[in-house]
Amino acid sequence: MAFAAVPNCRSTFSPILHRSSSSLSSSSTSTFLGDRPLQSHPPRLLKARSSLPRPSRTCVCTIAPDRVEVEMDGVGITQRPDAFGRFGKFGGKYVPETLMYALTELESAFRSLASDDDFQKELDRILKDYVGRESPLYFAERLSNHYKRSDGTGPKIYLKREDLNHTGAHKINNAVAQALLAKRLGKNRIIAETGAGQHGVATATVCARFGLDCVVYMGAQDMERQALNVFRMRLLGAEPGTATLKDATSEAIRDWVTNVETTHYILGSVAGPHPYPMMVREFHAVIGKETRRQAMEKWGGKPDVLVACVGGGSNAMGLFHEFIEDPDVRLIGVEAAGFGLDSGKHAATLSKGEVGVLHGAMCYLLQDEEGQIIEPHSISAGLDYPGVGPEHSYLKDIGRAEYYSVTDQEALDAFQRLSRLEGIIPALETSHALAYLEKLCPTLPDGAKVVVNCSGRGDKDVETATKHLTI
C-alpha cells in the first residue's frame, strides 16, 4: 500500500464547458482536457459560454429530459439521477474517453448488485460484524436542555452516531461496499483521495481487510493538520501528499486514467462523474434507513428535521436520501463559512458558488470571473472542497433541501459545547452541523424531533482545536 505525495501541485484535471448549461440539449457535447501534460498551474476552468473554441478531444454527453422509473428489489421507485447520470442539469460524465468504458462497466456492475443475494449478504455481514452497524440514534438530553426556552419548551435533539463506526466515521460504509465491488470486477489495486483523512483511513482499512493494493492521495496541508489520521494510514500500510482535497482528487483521477484496466477508484463523496454520486449515496443510504426505523421505535414517527454538514456531501446524502420524498421532513445541509461569507476565505459552495464543471460533473463550485477555481478555506479539512455533489446542487435548485453555513469560530464553539454537555467529542466537520442548532432551535416548536448526523469523531481534530481554544 502506498500513500502518494505530490507536494503543492495545482489541479490539471479541469474540464472546460463548450456550451452553457442553459443551452445543453439531448445532443449537447461536453469537452474535457484529458490529454494536457502535467504543469505547475491549472488550465483555465472557463465559465460556460458558447463562443469558446473546442479542444481537440471530445466526448459526447447527453441529457435525459425526465426521471426514469426502474425496478430495484422488486419495487418501482423514481430514480435519481436519470438514465444519463443527471440530476436536473447537474451531474453527468465530463471525462476523457479513456474513462468512459470503466464508468460504464462500474455502473453495470453496481446495478447488478441489487439482485445479487450473495453480495448483499456479504455486505450486510461485514457492516454488522466489522463496521459495527447499526449505529445508535442517541437522545442528546443535556444538549436538548441547553436549547430549552425560558418556558421549558424546545426541540428534542438526537444524534445519529456514525462516529461509533469502525475507523470513527461514516466513510467506512462506502469503502467496504466499493472494495467488495472492486473484487467482483477483478481489480486488485485501489486508489482513493482524502481530505480529513477519514476516507483514507477507511480505504486503507478495507484494503488491509481484503488484501488489496492501495494508493491514497492526500494534500500536504491536510496531512499537517490531520497527523493522527496520517499515522493511522501509515500503520495500515500507506505512505504520504498535494495541497487540498481538490488537488488530491485530481491526482487520484489522473492515476485512474493511467491505470484504469487494473485499478478501481474508491471516490469518497457523492461527487465526480456518474455513477459515483449515485453509487456512493446508495452505499451510505443505510444511515437514513436506520434513522427511519429507529425513529419509529423511539417515538413512533419520522424526524421533523435532519441536519448534516456538507463538503462533498456524502454523510448528508446518506441521511437525506431516505426522506427526500417525505415533504414533511426538513433537510438542512450546513457548509463551512470559514472566516465569513464575505471574507473570500470559506467553502460555502452552495451559498456562494456558481454552476460549472469540476472533477467530471456539473455542480455548484467556487470560481472567479475567469472560471478559475477559488481556493476554499475551512478549519475542517473535510469541508474545504470547492465543489459539491450534483444531487445537493439539484436539491438546492428545486428547494427540497436548505443549505446554510457557519464560521470556523461557530464550529469550534459547537465542538466544545457537545464535548462538555454530552461527553462526545465530534469531528470539526460534524461541529458545523451542530453549530447551526444555535440558529435553528429557537425557531422550532416544542417537541420537534431533530436528528443531527454525527458523521465522525473528533480525536483527529484535537491538535487543530488546541491551536484555537483556550481551555
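The buried residues of helix α10 (residues 286–299) pack against β8 (137–139), β9 (156–161), α4 (171–184), α9 (276–284), α11 (314–320) and β18 (449–454), where contact means heavy atoms within 4.5 Å and buried means under 20% relative accessible area with a 1.4 Å probe and protein chains only. Helices (H or I, at least four residues) and strands (E, at least two) are DSSP runs, numbered from the N terminus. The model is predicted, with local features needing pLDDT of at least 70, side-chain atom pairs counting only at pLDDT 80 or more, and totals for chains, interfaces and linings using all residues. Residues are numbered from 1 along each chain as its sequence is written, and side-chain values use heavy atoms, leaving out hydrogens and water.

Among the buried residues of α10 are V286, I287, E290 and T291. An α-helix has 3.6 residues a turn, so residues three or four places apart point the same way. Just after α10, G300 adopts a positive phi of about 75 degrees.

Next comes an open sheet of six strands, ordered β8-β9-β18-β13-β14-β17 with mixed pairing; two strands pair if DSSP finds at least two bridges between them. Because β8 and β17 (401–407) stand at the edges with a single partner strand each, one side of each lacks a neighbour in the sheet. Within this sheet, five bridges join the parallel strands β13 (residues 305–309) and β14 (residues 330–338), and C309 stands opposite V334 in β14.

Elsewhere, strand β10 (residues 189–194) has five of its six residues buried, so it is largely enclosed by the rest of the structure.

Note on methods: Buried means under 20% relative accessible area, exposed over 50%, partly exposed in between (1.4 Å probe, protein chains only).
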